[in-house]
Every structure is written in structure tokens, then in C-alpha cells.
Amino acid sequence: MYIFKNAMKNIKRNKGRNLLMAIVMVIISVTCVIALVINGATTSIITDYKNQFGSEVNVELDYAKIYESGDINELPTVTIEELKGYADSDYVKDYYFYLEAPAVSNHISSLNQEDNSGIQGSEGAVGGGPELGPPNLKVIGSTSYQLFEEFKKGERKIISGRIFENDNEIVISEDLAKLNNLKSGDNIVLRSIADVEKDITLTITGIYQDLTKDDSADYAYKDPYMTRRNELLTNYETATTLVGEQSNTMSRIKYFLNSPDDLESFVKEAQGKGLSEYYNFTNNEYLYKQIAGPVESVQKISTVFLVVVLILGGIILVLLNLIALRERKYEIGVLRAIGMKKINVIKTLVYESIIVTMVAVTIGLGVGGLASQPVSDKLLADQIEQRQEQMDNMGGNFGGASAALPNDADIIDSLNAELDLGVVFAIFLIGGLLVIISSSMSLIYITKYEPIKILSERN
Amino acid sequence: MSVLTVNNLSYVYEGTKKKVLNNINISFESKKTYAIIGKSGSGKTTLLALLSGLDLCKNGEILYNGDNLKTIDRDDYRSKKIGVIFQSYNLLTNATAMDNIMLSIDISGVKVDNKKEYAYSLLQKVGIDKETADRKVLKLSGGEQQRIGIARALSHNPDIIIADEPTGNLDTATEEGIMKILTSLSEKEDKCVIIVTHSEKVADYADEVWGITDGKLSLVRKKN
């Protein structure tokens with residue numbers, strides 16, 4: 001007990017030295033807390049987005065390669081069966097098919113269809129006549145609800161009825177329902193593009209509300225087919241009945257790989273199974289960079305900052321210890337000369353370091369915890385601004401092209417920079433490191449020299 | 001009765017060939033004050049360092065109550081059995097006089113009813129009042145620091161007091177005071193007091209005066 005008391009007294013006796021140490025340690029702790037909190041917040045986001053964008057793979061024609069080859073008259077095709085064959089792979093966790101089928105209905109109006117140009121055929125006839133005009137609706141069918149994750153994200157929500165469960169069941173938008181005075185349980189009739197003589201009757205099981213911004217009014221040309229609120233959501237089989245045999249070529253597949261790192265191997269494997277070289281598996285790396293890029297930059301900055309502060313802080317602590325060593329050597333010599341055992345001298349010095357470090361680390365945790373959110377917000381805002389400037393410059397160079405840009409809503413503009421147990425644990429580990437650094441010089445002296453040598457050096 | 005016995009002690013510093021101590025033999029008894037005199041570099045301080053267990057002898061042996069210092073715990077020996085008074089005081093300078101005494105008591109593990117009162121009484125015994133006792137050592141005079149050094153050496157009630165030039169830095173009046181305290185320890189408290197000095201005046205207080213020349217120790221005079 002006296003060792004601890006003596007350590008406490010020593011801290012008070014050497015206020016100046018310990019205060020200086022504590023200030024350095026507080027600075028190290030605050031920086032480490034902020035860096036670790038930001039790292040934690042960014043890592044989970046980056047991992048999520050990497051998995052989301054990197055693991056989701058589409059099959060696309062590589063137009064650049066086709067143009068290069070000059071063989072543009074005959075585009076290679078890939079069938080559903082082939083696509084399913086590629087999915088039979090150790091790299092693939094899951095997959096689904098989806099089909100975006102253009103649809104025409106002569107008896108309901110679609111949004112942005114000001115002149116009713118899509119409605120053709122004899123007026124009032126259900127399904128209209130045999131003529132088929134431009135599509136005014138889009139039917140999206142999928143073998144999996146994964147395509148409709150918008151419901152999970154909250155971009156769309158069912159406000160009446162239920163989601164489709166069986167063939168020929170659909171959900172439609174609230175706006176489309178209002179426009180045509182439709183409700184759950186009503187039927188609508190669509191004309192098949194595969195067979196213009198054939199009408200297909202679908203039952204509305206639910207109405208969804210689309211919460212994304214309707215920007216169709218911003219465009220001079222309003223295409224009902226491209227209007228989100230004209231989308232009818234159903235299962236894959238129902239969508240295929242609309243396009244008939246064309247579903248073989250119109251269907252798209254999305255593979256979910258076990259890891260984004262498997263992409264290259266998966267491509268090689270598929271090519272081995274006969275995938276044309278003009279097809280490519282692509283993940284949305286570009287979109288990932290747009291969305292998660294600023295977060296990655298913030299993480300890099302915080303990591304570099306953490307490493308620099310740890311190195312510089314460590315060096316400063318060692319230097320402070322070297323300066324204080326003369327005084328400490330004498331003290332150690334006196335304590336050893338009056339019979340204090342080496343282990344007890346070590347305990348005294350370590351207790352001192354632990355007390356100073358723990359106080360500094362606790363202050364650092366508090367200050368760092370409070371500062372993490374504003375610092376991360378500021379760093380992220382700067383990164384977003386920088387990226388935006390880059391984008392603007394690119395836009396200027398390429399005539400303002402902004403294809404494949406993420407929605408504003410997708411851009412990560414804030415981090416949940418909260419102090420968690422992991423950070424607290426890491427900070428105390430760093431604290432342990434600081435204890436070792438701050439007491440190492442003295443410890444070396446104790447173990448290396450006899451008291452008479454320490455005292456004679458002083459004298 | 002001999003409390004400390006030195007047999008055939010020789011010492012050579014590492015990297016040198018010259019024997020600083022050459023076949024020393026001496027017995028120190030309780031209730032007696034010894035003075036070891038000699039010129040600078042004669043080996044006095046080396047002998048003191050070995051007697052106080054601050055250094056270890058390679059040739060020969062030093063026995064404390066029959067136990068070889070090589071085989072016993074020298075930290076325990078320093079903290080419980082002997083009290084060392086250093087020429088340069090060797091106190092914790094940024095601590096108070098009280099803290100220095102209290103720490104020594106704690107290290108020795110001596111059980112006392114009221115540690116604080118005991119420490120004050122020790123300081124009072126060597127002429128340090130309460131006010132001075134609570135001041136930082138750094139702010140005290142050389143004489144006061146030496147008195148604190150004596151009080152610290154006595155704090156664990158050791159059998160042997162070893163003093164290295166205890167009055168070397170002090171004026172004559174202070175020197176007399178310090179020497180009276182030291183001699184009274186052997187006379188009244190049955191301790192064995194060993195004083196290393198180059199001062200004949202200090203040596204005059206001793207019961208036995210031993211001279212050290214070129215590492216060899218010999219009896220100079222003895223009080224009847």
C-alpha cells in the first residue's frame with residue numbers, strides 16, 4: 001500500500017514533469033479516440049458498401065471490346081440456361097433473375113402520358129385492338145424480393161393491400177392508382193408484346209407509395225416508360241408472360257458472390273464454361289467509389305493521423321523521459337540505497353505511469369468522444385466537397401455528363417462516430433503502451449545498475 | 001560481541017588491476033564508535049559501500065552476525081539491519097523531511113503505533129522541529145539535511161550505523177552537534193557506529209581509529 005501512496009506523492013512532488021507527460025498523453029489519447037472512432041464508423045460502412053457493390057455482379061456486354069473488334073453486326077447472346085450454369089459456382093452465394101418488360105395498357109392512363117400516346121386501338125375495348133403503341137408502363141418481375149429492397153430501404157412502402165405472392169399479382173404505385181381510380185383487388189389488362197392479340201389480366205394486391213423524389217418534371221421530354229411511379233411490380237414468371245420467348249434474351253441475372261475479391265476467379269470460371277469474351281461480369285465499382293469514396297478518404301486520413309500521432313507522441317514521451325532520467329536515476333538510487341527492493345521501485349514507477357496515463361486517457365476518452373462527431377462530420381464534408389469539385393470539373397470536361405451518378409440520398413454525408421467498447425478497449429491498450437514507454441527508461445536503469453553506481457554517477 | 005566481521009577482503013574495480021582494498025580484516029562490535037581514516041582515494045568509501053551492502057565483495061567475506069552478505073538479502077540488510085548516513089545526504093530532495101523518514105520506515109516494514117509521531121520524534125531527536133520537518137528537503141541547509149539523513153538511518157532502529165564523511169560539508173558548530181548525536185548512539189543505544197572520515201577531529205570522537213593506506217587497514221589508536 002505504501003508503494004501506491006508513495007507513487008501518488010511522487011506525482012504531486014513532480015507536478016511539472018507529470019503535467020507535461022499528461023498533456024502529451026491527453027493529446028495522443030484524444031487523437032487516437034477520434035481516429036479510432038472514425039475508423040470504426042468508416043470500416044463498417046466501407047465493408048457494407050464493398051459487399052453490396054462489390055459482391056453484386058451483373059452480366060453485361062462489353063461494348064468497348066465489340067467496337068474494337070469491329071464485329072458489331074452480330075452481337076453475341078447468352079441464354080438463361082447459360083446464366084444459370086454460371087451461377088453453379090463455389091464463388092456464388094445466391095442469384096436471381098429479373099426482367100423489365102415494357103407493357104401497354106389501353107384502358108388505364110399512365111403518369112406523364114399527357115397525350116395518351118400509349119393508348120392505341122379501339123376506344124373502350126378492354127386491352128384495345130391488335131395495334132401496339134409505345135410502352136406506357138413497365139412491369140418489373142424478379143425471382144427474388146431482393147430486387148425490391150427499396151421496400152427495406154424505405155424508398156417504397158406498401159400503404160394498402162399486400163405484396164404480390166402468386167402469378168399474375170402485381171403492386172402498383174399510389175399515384176398510378178389515384179390517376180386511374182384503382183384499388184387492391186381490381187384487375188388491369190395489359191397487352192403482351194409477344195403476342196399483340198393476347199391480353200393479360202393482372203390482379204392488384206397492393207398499392208405502394210414511392211418516397212423518392214419525382215424529378216420527371218425536370219425533363220422536357222417525359223417518358224412514361226421511364227417514370228418510376230409507372231412501375232408495376234410482380235414476380236419473374238408473370239413478367240415473362242408479357243415478353244414470351246424474348247424473356248430468354250431480355251432477362252437479366254444478378255449474382256451475389258461470397259466476396260468481392262472472388263470476381264476475377266468467377267469471370268475466369270464462367271469463361272471456361274463458354275461465356276463469350278464480349279460479355280463481362282461487372283460490379284458497380286464506380287458507384288461504390290462515388291458513394292463510399294469520401295468515407296474511404298476520411299478513413300485514410302484518420303489512419304495516417306493515428307500512426308503519425310502515435311509515432312510522434314511516442315518519440316516525445318521517450319524524449320521527456322530521457323530529460324527526466326537524471327532526476328529519476330538519483331531517486332531510484334536513493335530508494336535502492338535505503339533498501340527498497342527492485343520490484344518495489346519498479347512498482348512505484350509503473351504505478352505513477354499508470355495513474356498519470358489513466359487520468360490522461362480518461363480525459364482523452366471524454367474529449368475525444370465529444371470531438372469525434374464534429375471532427376468526422378467536418379472531414380467528411382471536406383471530402384464530399386472535394387469530390388464534388390472533381391465531379392464538376394469532369395462534368396465540365398465531358399459536357400456535363402452525369403450518367404451513373406449516385407442519387408443524392410445514397411451519398412454518405414454523415415458518420416455515426418460513437419464511442420464504443422472496442423474503442424475504449426483499444427485506447428486502454430494504447431494507454432498500456434504509453435505506460436511502458438513512459439517508464440521504460442527508468443525500468444532499464446533499475447534492472448541494469450546497482451544503487452552505488454547510480455548514486456556515484458550523480459555524485 | 002562482533003556484529004560485523006570482515007575477513008580477508010580485497011577489492012579491484014572492473015577494468016583495473018590495482019587493489020583498492022587489500023586483505024582487510026576487522027571486527028566491529030556493538031556499543032562502540034569506529035573511525036576509518038585515510039586520504040582521498042585510499043579506499044575508505046569502497047570499504048563503506050561493501051560494509052553497507054551497496055556493493056558486493058568478490059574476494060573475502062563480510063559477515064553480519066555470522067551471515068555472509070553474499071548469501072543474505074542485501075535489500076533487507078540495508079533496510080532493516082544497518083543505517084547509512086551519506087556524505088551527500090542522498091535524500092529525496094523534492095519530498096519533505098517527514099516523507100523521507102516515513103518512506104524509510106515503510107520500506108523497512110518496522111511496526112510502530114503512530115508512524116507520524118514516531119517520525120517527528122526521530123527528527124526532534126536530531127534537532128529538527130516540526131515546521132522544518134514539513135518543509136521540502138531542497139529548501140533546508142546542509143546541516144539540516146545531514147540531521148535528516150541521521151534520522152532516516154535511525155528510523156528502523158538498526159544495529160549498525162555507517163556514516164560516510166558525516167560532517168564533510170558542515171561548519172564546526174554543526175559538526176560538533178552531529179558527532180555528539182552519533183557517539184550517543186553507541187553509548188546510549190548500544191549501536192555499532194562506523195564513521196568513514198578524513199578528519200582527525202571527527203576521528204577523535206571514536207573508540208577505535210583505523211587507518212587505511214593503499215588499501216590496507218590498520219589500527220591507529222584505541223580509547224581505553
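Of the 224 residues in chain B, 52% are buried. Keep in mind that this is a predicted model, so treat what follows as a tour of a prediction, going by that label. Counting up secondary structure, chain B has eight helices and 10 strands. Its contacts also reach across the sequence: if you take the pairs in chain B that sit at least 6 residues apart, 69% of them join residues at least 24 apart.

Now for the sheet. Strands of a sheet pair through backbone hydrogen bonds, and they can do so parallel or antiparallel. In chain B, four strands make an open sheet, ordered 2-1-4-5, with antiparallel pairing. At its edges you'll find strand 2 (19–29) and strand 5 (67–68) of chain B, each of which pairs on one side only. Let's zoom in on one of those edges. Strand 2 of chain B is joined to strand 1 (residues 2–12) of chain B by seven bridges, and the two run antiparallel. To spot this pairing on your screen, look for Val6(B), which stands opposite Ile26(B) in strand 2 of chain B.

Next, move over to where the two chains meet. Here 17 residues of chain A are in contact with 21 residues of chain B. Which helices of chain A each supply at least two residues of the side that touches chain B? They are helix 1 (2–13), helix 10 (285–337) and helix 13 (451–458). Helix 1 of chain A gives the largest share of that side, with four residues.

Technical notes
Residues are numbered from 1 along each chain as its sequence is written. Chains are lettered from A and ligands numbered from 1 in the order in which they are written. This is a predicted model: local features need pLDDT of at least 70, side-chain atom pairs count only at pLDDT 80 or more; totals for chains, interfaces and linings use all residues. Two residues are in contact if their C-beta atoms, placed from the backbone, lie within 7 Å. Two strands pair if DSSP finds at least two bridges between them. A residue is buried if 20 or more other C-beta atoms lie within 10 Å of its own, exposed if 12 or fewer, and partly exposed in between; C-beta atoms are placed from the backbone.
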